[in-house]
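Work through the exercises below with the model open. Each task is followed by a stepwise solution.

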Amino acid sequence: MKKFNIFGSRRTWAWPYVLFLVLFVLLPLLLIVVYAFTDPEGHLTIKNFVQFFRTTEAVNTFIYSLAIAMLTTIICLLLGYPAAYIMATSELKTPAVMSMLFILPMWINFLLRTLATVELFNMFSIPLGEGALLYGMCYDFLPFMIYPIYNTLQKMDKSLIEAAYDLGANRLEVFTKVILPLSTPGIYSGIIMVFMPTVSTFAISELLTHNKITLFGSLIQRAFGEGGLQMWNYGAALSLIMLIIIGITSFFGDKEESPSQAGLI
Amino acid sequence: MTENNYLIDVRHVSKQFEDGKYALNDVSLQVKKGEFVTILGPSGCGKTTLLRCIAGFQVASEGDILLNGEDVTNMPPNKRPVNTVFQKYALFPHLNVFENVAFGLKLRGIEKSEMEKRVKKALKMVSMSDYEYRDVDSLSGGQQQRVAIARAIINEPEVLLLDEPLAALDLKMRKDMQLELKEMHKKLGITFIYVTHDQEEALTLSDRVVVMNEGRIQQIGTPTDIYNEPVNCFVADFIGESNILSGTMIRDRRVAFCDREFDCVDTGFGENMPVDVVLRPEDIYIWETGTGRRKSDVPDQSDYDPEDRIPKGNFTKWYGVVESCIFKGVHYEMVVKTDNGYEFMVQDYHEFVPGTEVGMLVKPEDIQIIRKEHYRYNTFNGEVLKNGKVRFLDAEWIVPESQLQSFVVGDKVQIRVPLREVELLDYEDEGTLSGEVHFILFKGNHYQLTIRTDFGDDLFVYTNDVWDHGDRVGIHIAPESILLDKMPDQGNEEA
């Protein structure tokens, strides 16, 4: 018989993490599911979902949030890819300095940055609203797009690019046929990293639009924060819907090229 | 337009990096159509840089590169009629074998059916026919290498450049691929330029070998030329095993080394000129002598030679005791030490156990004479300073008063330091100057070292101590060993 040894197996050391996972990830998730499918009295029901799909305003907000998230993601991709590309290929041998430029803003809490953005808009008397919202979202989430793309580009074997030139490709062809396809894992994780948080964001939208535009995240927040205990079940249902949408996006693209390969984790 | 019929004409090409170091230093090389040329040298000798300049990945700082008589020095790689097989294959991981091979054809817009035909043909050429739709990551190193070759030859380039293509393969695989490459070269009839640091590979494969070191071409010749007639000690040492000894060319066809005189076939070195002598270990005949007989120097008839292996005739012989004997598969490799302190490496099919007293001889045609690049003295330019010092090699040295009598402060002088008199110290900060052991040559009974100082100058040293390549050393020269001479007239004018 094996003797029990507390330090003996690696598995022992995983327990704190498992405990953390159960307490702060699995259990809350389970609670959300339970709340979503019950009414305040605790009876099993799908009323909460029906309520959501019946409320035109809620569905519209949901669709609008998705659209804003997609738009933000696209803008971030269009801005972030060239930035990452320039950083990765720049002759300046200071990628550290370059990444600092992009990563440094992340050192400051995003609420502070958003508040500062509001002040900036006010200072130049630019009206807050949809434009400001998009600006704020891109500003906050752009580094999440740049970093994974930069990582894949940085790690790319330079001889592949040389091989493409060698086989007769011009600059454009080298980009479209080699660099771009090889950087898809980075693009993919960039998209996920930007899309996921933007779907559920609420603070940015509230601050940058003076609460004029409501996003899905705000809807959930209000259900929990203002609706009282009665609304928790509805809020849980909304959260679950959002989780499902985010879950679906994670299954986009190539399954073999997981985000972790792009150096995200 | 074409002044000659060379396919590739590299003219005085230099490549200087940002730090001022030369990767290529005035390299000229002509390659004929259909040749298999190997660029051989130790790592960092500039061979890959030269290849990359021909491929177009790097632009030469000076000089021209002509392809088919057309100046391509500044032409981008995609416009050049050359293709490269990269060291780590550089196969596109997002494409399968077929797509990788078809990459070049697709870019040129070749029709699909034609493309398929040609890809199949190319894959057949490298015996990878059944792998068309495999993922490149699932292939072994050797298979990836074949795909890389197929991808490069499908474009029917005029020149195929191969950058150490076999370096990542194991020995057995490498040998097989060598034969296949040679076969492929014959079949395709295109010019191959092959870069390697493996001298055996170079000798096996090539029509001509280009030996490079420190950014310069040392020797260009057929494998037999390079092996049998090395032009300098570097080549002799780098290609194959060799015994390199200091000797004196007494007159034409007569050379002295190891305290003996030998007949040789070389002429034109002058009389009593210091030279280096190269003996290949397999060219030395070795036989067992009776104990104690070797000292008499005339044991001819009684020598143990049952198989009649030893050439008869009036050859100079020398004698020694076997120190070590290693079985090398086909032959034995012996180190023999002579009474006067020289060590010789000898290869023979027979085993001579350590302790055996042996005689040795070498045929005159197997003695290779090399002009000495430097002998007896290091020469530097220097300047007389105050307080009995001179400045050379970017350092200040004390010299005896007697040496300075005919000079005044500020005089430019020529400094000579005997190779024997340079002292190397274990601790670099104990020397007047520090440097690194850059090149080591065993000369039978002493080592000849090239020390590169921290300021980039070379210093030659004879020593009996064993140093390793890359060792950091302190350099000390005793004041009385520093000899001052007047500058040759021109030097004075310049100053």
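**Exercises on chain B**

The C-alpha centres of domain 1 and domain 2 of chain B are 41 Å apart. The model is predicted.

**Exercise 1.** Find the bounds of the domains of chain B, then describe how domain 1 touches domain 2.

*Solution.* Step one: take the domain assignment. It gives domain 1 (6–234), domain 2 (243–371) and domain 3 (377–494) for chain B. Step two: list the contacts. Six residues of domain 1 of chain B meet five residues of domain 2 of chain B. Step three: class the domain 1 side. Three of its residues are nonpolar, two polar and one charged.

**Exercise 2.** Determine how helices H2 and H4 of chain B pack.

*Solution.* Step one: get the geometry. H2(B) spans residues 97–107 and H4(B) spans residues 141–153. Their axes lie 7 Å apart, at an angle of about 30°. Step two: name the arrangement. Angles under 35 degrees count as roughly parallel, so H2(B) is roughly parallel to H4(B). Step three: assign the hand. H2(B) crosses H4(B) in a right-handed sense. Step four: find the residues. From H2(B) come B:Val97, B:Asn100, B:Val101, B:Phe103 and B:Gly104; from H4(B) come B:Val147, B:Ala150 and B:Arg151. By class, this contact has five nonpolar, two polar and one charged residues.

**Exercise 3.** Identify which element gives the largest share of the side of chain B that touches chain A.

*Solution.* Step one: count contacts. 18 residues of chain B touch 15 residues of chain A. Step two: sort by element. Strand E6 (82–85) and H2 of chain B each supply at least two residues of that side. H2(B) has the largest share, three residues. Step three: class the chain B side. It has nine nonpolar, six polar and three charged residues.

Methods. Residues are numbered from 1 along each chain as its sequence is written. Chains are lettered from A and ligands numbered from 1 in the order in which they are written. This is a predicted model: local features need pLDDT of at least 70, side-chain atom pairs count only at pLDDT 80 or more; totals for chains, interfaces and linings use all residues. Axes are lines fitted to C-alpha atoms, for helices over the stretch in contact, and angles run from 0 to 180 degrees between N-to-C directions. Helices (H or I, at least four residues) and strands (E, at least two) are DSSP runs, numbered from the N terminus. Angles under 35 degrees count as roughly parallel, over 145 as roughly antiparallel, 65 to 115 as roughly perpendicular and the rest as oblique. A crossing is left-handed if the near helix is turned anticlockwise from the far one by less than a right angle, and right-handed if clockwise. Two residues are in contact if their C-beta atoms, placed from the backbone, lie within 7 Å. Ala, Val, Leu, Ile, Met, Phe, Trp, Tyr, Cys and Pro count as nonpolar, Asp, Glu, Lys and Arg as charged, and the others, Gly among them, as polar. Domain bounds come from an automatic or database domain assignment.
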